[in-house]
Amino acid sequence: MIPAPFDYEVAESPEHAVGLLREREDAKLLAGGHSLLPAMRLRLARPACLIDIGRLSDLSYVRDVGDEIAIGALTRHKDVAGAPLLQEHCGIVAYAAGQVGDPQVRHRGTIGGSLSHGDPASDLPAVVLALGGTLVARGPSGERSIAASDFFTGVFETALAPDEMLVEVRVPKLGPASGWAYEKLSRRAQDWATVAVAAVVERSNGGASKAAVGLTNMGGTPLRATAVEEAIAGGAPIAEAAAHAAEGTDPPSDLAASADFRRHLARVLTRRALERAVAG
Amino acid sequence: MTVVGTPIKRREDEALLRGRGSFVDNLTLPGTAYMAVVRSPYPAARIVSVNLDAARAAEGVIAAFSGADLADEWAGPLPCAWLVTEDTKNPPHYPVAIDVARYQGDPVAVVVAESRALAKDAAELVEVEYEPLPAVADVEQALSDGAPLVHEELGTNECYVWKLETDGIQAAIDAADVVVTRRYRQPRLIPNAIEPRGVLAQVGPTGDVTLWSATQTPHIQRFVLQLVLGIPEAKIRVIAPDVGGGFGSKIQVYGEGPLAIVLARRLGRPVKWTEERSENYLGTIHGRDVVHEVTFAATKEGKITAVRSEAWCAMGAYLELVTPGIPLLGAWLYSGPYEIPNYSVTFTGVFTNTTPTDAYRGAGRPEATYVLERTMDALARELGMDPVELRRKNLIREFPHTMASGLTIDSGDYHASLDRLLEVLDLDAVRAEQAARRERGDVKQLGVGFSTYNEMCGLAPSRILGAIRYAVGGWDSATVRFQPLGSVQVVVGTSPHGQGHETTFAQIVADRLGVGVDEVEVLHGDTAISQLGMDTYGSRSLAVGGIALWQATEKVIAKARAIVAHQLEVSEDDLEFADGTFRVKGSPDRSMDIKAAAFAAHAAHNLPDGMEPGLEETATYDPANFSWPGGAHAAVVEVDTETGDTRLVRYVAVDDVGRAINPMIVDGQVHGGLAQGIAAALYEEGVYDAEGNLLTTTMATYLVPSAAELPSFETDRTETAADNPLGVKGVGETGTIASAPAVVNAVVDALSHLGVTDVPLPATPERVWNAIQEVRS
């Protein structure tokens with residue numbers, strides 16, 4: 001419960017934070033601290049330097065930017081969950097943010113921190129992936145946009161360069177024919193998902209004509225259930241399409257569930273998510 | 001005004017809730033140094049060498065020692081106080097392992113530094129060369145041929161075999177219409193007191209020792225410290241300040257206490273140690289880890305004629321204070337609240353390369369009650385009988401009742417508890433909803449499970465403890481002391497760690513003496529203040545300590561009566577005492593209140609000849625029998641048959657704990673106990689891999705449930721008076737003992753129409769789903 005020694009810097013601006021990331025060896029950004037600090041207290045993570053970006057309040061916002069909603073990287077989960085713009089235009093993000101951890105975590109943890117951490121068991125990565133969201137990173141030479149499908153590269157690994165920080169997340173406004181659902185099974189309310197499924201559908205004639213399905217904790221990164229999506233696009237009924245949910249996944253076996261059970265859960269939860277999304 | 005029986009608020013809470021409690025880790029003495037313990041990462045390993053050079057050279061380090069460096073400090077090994085048979089094997093256990101580490105977490109070296117963080121950093125620099133040895137973590141494997149030996153010199157992993165059997169058990173089983181045999185595995189549970197362990201040791205100029213300890217047992221600590229350190233008890237003072245929970249895990253005298261004292265003596269500075277949470281998972285005792293095989297024999301009408309239980313119980317790598325005795329605390333409960341004429345219980349204690357087991361809330365009794373109540377349901381299924389009906393048919397009807405196993409239950413009315421339970425539950429409505437869901441083929445099925453139970457607590461009659469080879473007695477003591485101006489100090493030998501004793505005990509004394517509850521101050525948890533006591537565990541504080549307190553109060557009243565009689569010049573028999581005032585019978589205007597008597601006792605101007613000044617009395621109470629709470633519980637669960645996800649939707653508990661001194665505190669004890677039993681049913685499991693590595697070392701993997709997982713409990717009480725002056729039975733463990741089987745019975749009930757008859761503990765989604773798959777295939 002006592003971290004190994006580390007240096008501590010306070011970033012005054014995103015530029016300053018990026019500069020510190022370049023200057024300091026083995027540095028990590030500290031946002032809400034609800035993933036990093038527990039790992040440090042168990043001495044599983046031993047960064048030489050923490051760069052505290054918690055005071056960059058300009059990065060906490062939810063804005064309407066036309067076809068998309070822009071969410072500042074330092075927006076805390078409880079603010080994402082309660083944001084009227086998200087609730088109106090992209091409810092799945094608000095809903096999933098409300099499913100993260102427990103109230104203490106949601107009051108400290110940030111959307112940018114959660115996405116940058118790259119934990120395949122976290123709720124928001126699969127949601128942003130299913131939405132085809134965009135992640136905006138700031139580096140020494142300015143900002144660049146990374147598609148969610150390119151962002152998650154491995155267990156706790158992302159496309160962010162060592163001297164880049166995530167500053168914004170963009171998600172699309174969903175149209176009136178869209179439906180969504182996030183189905184999560186966890187042992188306790190506060191736990192990571194054993195498996196969870198994010199579904200965003202285009203509704204048509206009481207079914208789905210198109211679906212985007214994101215899977216939580218079914219592999220080293222959040223995954224798209226492409227076989228399910230193709231089956232839906234090909235006109236398959238939901239139950240039939242959902243049976244493909246575990247294809248191409250590589251779920252872990254751990255104390256919460258075996259890989260086989262996770263595959264089963266992925267199929268059940270995908271069917272439920274699609275049904276709920278269609279029901280609107 | 002009567003305060004007994006009223007839910008007055010706990011006087012303890014305001015300071016605790018405002019963060020003004022004083023726990024060991026909050027205490028610092030001038031010059032305090034901080035200790036960190038280096039623990040074996042191997043479940044079994046020979047310690048080839050310990051190199052302390054780098055640690056000693058690290059910033060802020062004062063000293064570092066290996067187990068061998070400290071071997072001469074110990075007057076004796078850490079003792080076990082309950083060797084349950086003449087030949088129970090008790091291998092030596094020292095605070096720091098000397099040549100072999102026998103479980104993951106076994107201390108192998110210690111570092112002392114100027115701060116806790118520096119000590120922790122330096123502990124990482126200790127280089128221990130290990131030669132890993134084969135290890136065994138599972139009780140059944142540990143008894144198999146060729147299993148690695150936890151203690152090679154013993155030649156076996158079997159610690160003891162203990163048996164209690166009535167004549168003719170096999171004949172009774174052979175003659176039965178119906179026999180059911182079931183096997184159950186109850187996994188390890190990790191107690192998880194909210195405050196981990198901690199000690200602060202100070203050695204004075206004359207070698208006197210003060211140890212502040214997060215303990216349930218300051219008196220037992222002092223006793224054991226003499227055995228381990230050779231320092232006379234008279235020079236040792238143990239203080240338990242605010243203690244943040246224990247659930248049995250702070251009864252033991254762990255090595256870190258004597259270790260801190262030895263280091264404080266060697267270094268000439270106070271030494272403090274605060275356990276980390278993950279360290280607590282390895283270094284503090286675990287509970288349960290028992291495999292049972294249970295046989296019930298019955299007539300075809302459902303009258304149970306015999307129960308036979310055989311259990312293999314994990315001891316862990318060493319015997320802690322009462323490790324071998326834990327199963328024995330349940331040994332008389334395998335017939336529970338039922339009248340069963342033939343009885344056989346066998347326990348085999350087994351060493352494994354794991355953290356030692358010891359008392360965890362209920363200690364032996366949840367284990368017994370679990371297998372009993374699960375097997376009641378199995379028998380009901382076998383007989384095609386309703387499980388409530390089967391229970392009714394076998395519940396004891398008359399009290400006192402002497403069981404086949406030999407002990408006598410003084411009081412109870414199990415039928416009354418069951419009747420009330422069914423009323424509160426509205427069983428017909430639950431069954432109707434269950435039938436409707438089955439009819440519709442709902443994904444989420446409903447199940448209801450029962451547990452009628454009793455327990456043996458109020459530990460314990462000293463003679464019985466002696467007969468079952470427990471090393472010391474089970475009495476307790478209390479002192480009631482009037483101050484000159486009429487306030488009252490109460491000193492008790494019990495030592496609370498969250499139970500609200502200060503409130504409950506003040507209620508008892510205030511009522512009896514007729515003084516205000518706020519005029520009564522309750523002192524405890526310091527061997528310099530409370531010389532005599534056997535501390536707090538086994539739901540004993542009220543049922544034993546409370547009676548000692550009652551008796552001390554009666555002695556104070558008797559002395560005051562003598563003073564009043566002397567001053568009013570009447571005979572003692574002519575005085576009535578009520579509401580704090582002695583009145584002369586027939587002349588109620590002639591009176592003197594007890595506070596005036598207290599002042600007179602201190603002034604000593606006019607006392608009866610030969611009477612000593614002061615108004616203070618001490619009593620000890622050694623119970624003649626255990627106390628026997630009981631009751632009836634029901635759980636309603638909803639099981640998602642596609643995912644196995646199981647949610648507790650209702651829990652109804654009707655308990656008979658005798659008289660409730662403070663009903664709110666009683667409810668609180670029941671709620672906490674229920675949460676822990678429900679946790680064992682659905683969430684918590686300490687998991688070792690086959691090599692003996694503990695896999696559940698954080699709260700992320702060891703699933704203590706939160707309020708979000710639990711429904712609002714529905715609690716009620718029926719009451720029969722225990723055979724003691726307060727009529728109290730104890731309530732600390734009832735919830736934990738009764739609840740786990742009720743919940744698992746409910747899970748099985750929800751799936752019984754599919755053919756499911758068992759789900760292993762804990763009933764995780766995967767296990768529930770697997771149980772469904774097995775009967776479907």
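How are helix 6 of chain B and helix 7 of chain B oriented to each other? In this predicted model, local features were considered at pLDDT of at least 70 and side-chain atom pairs only at pLDDT 80 or more, whereas totals for chains, interfaces and linings use all residues. Residues are numbered from 1 along each chain as its sequence is written, and chains are lettered from A and ligands numbered from 1 in the order in which they are written.

The axes of helix 6 and helix 7 (residues 256-267) of chain B come within 10 Å and cross at roughly 60°. Here helices (H or I, at least four residues) and strands (E, at least two) are DSSP runs numbered from the N terminus, while axes are lines fitted to C-alpha atoms, for helices over the stretch in contact, with angles from 0 to 180 degrees between N-to-C directions. Helix 6 of chain B and helix 7 of chain B are therefore oblique to each other; angles under 35 degrees count as roughly parallel, over 145 as roughly antiparallel, 65 to 115 as roughly perpendicular and the rest as oblique. On the helix 6 side of chain B, the contact is made by B:Q221, B:L225, B:V228 and B:L229, and on the helix 7 side by B:G257, B:P258 and B:I261. Two residues are in contact if their C-beta atoms, placed from the backbone, lie within 7 Å. This helix pair brings together five nonpolar, two polar and no charged residues, where Ala, Val, Leu, Ile, Met, Phe, Trp, Tyr, Cys and Pro count as nonpolar, Asp, Glu, Lys and Arg as charged, and the others, Gly among them, as polar.

Helix 9 of chain B contributes B:M376, B:D377, B:L379, B:A380 and B:L383, and helix 10 of chain B contributes B:P387, B:L390 and B:R391. Six of the residues in this contact are nonpolar, none polar and two charged.

Domain 1 of chain B puts 16 residues in contact with 13 residues of domain 3 of chain B. Helix 6 of chain B returns here, giving four residues, the largest share of the domain 1 side that touches domain 3. That side of domain 1 of chain B has eight nonpolar, five polar and three charged residues.

Strand 23 (residues 581-584) and strand 24 (residues 587-593) of chain B run antiparallel and are joined by four bridges; strands pair if DSSP finds at least two bridges between them. They form a hairpin with two residues between them, and B:G586 in the turn has a positive phi of about 85°. Within this pairing, B:R583 has B:S591 of strand 24 of chain B as its bridge partner.

Finally, the two chains meet through 24 residues from chain B and 16 residues from chain A. Helix 3 of chain B supplies four residues, the largest share of the chain B side that touches chain A. Nine nonpolar, six polar and nine charged residues make up that side of chain B.
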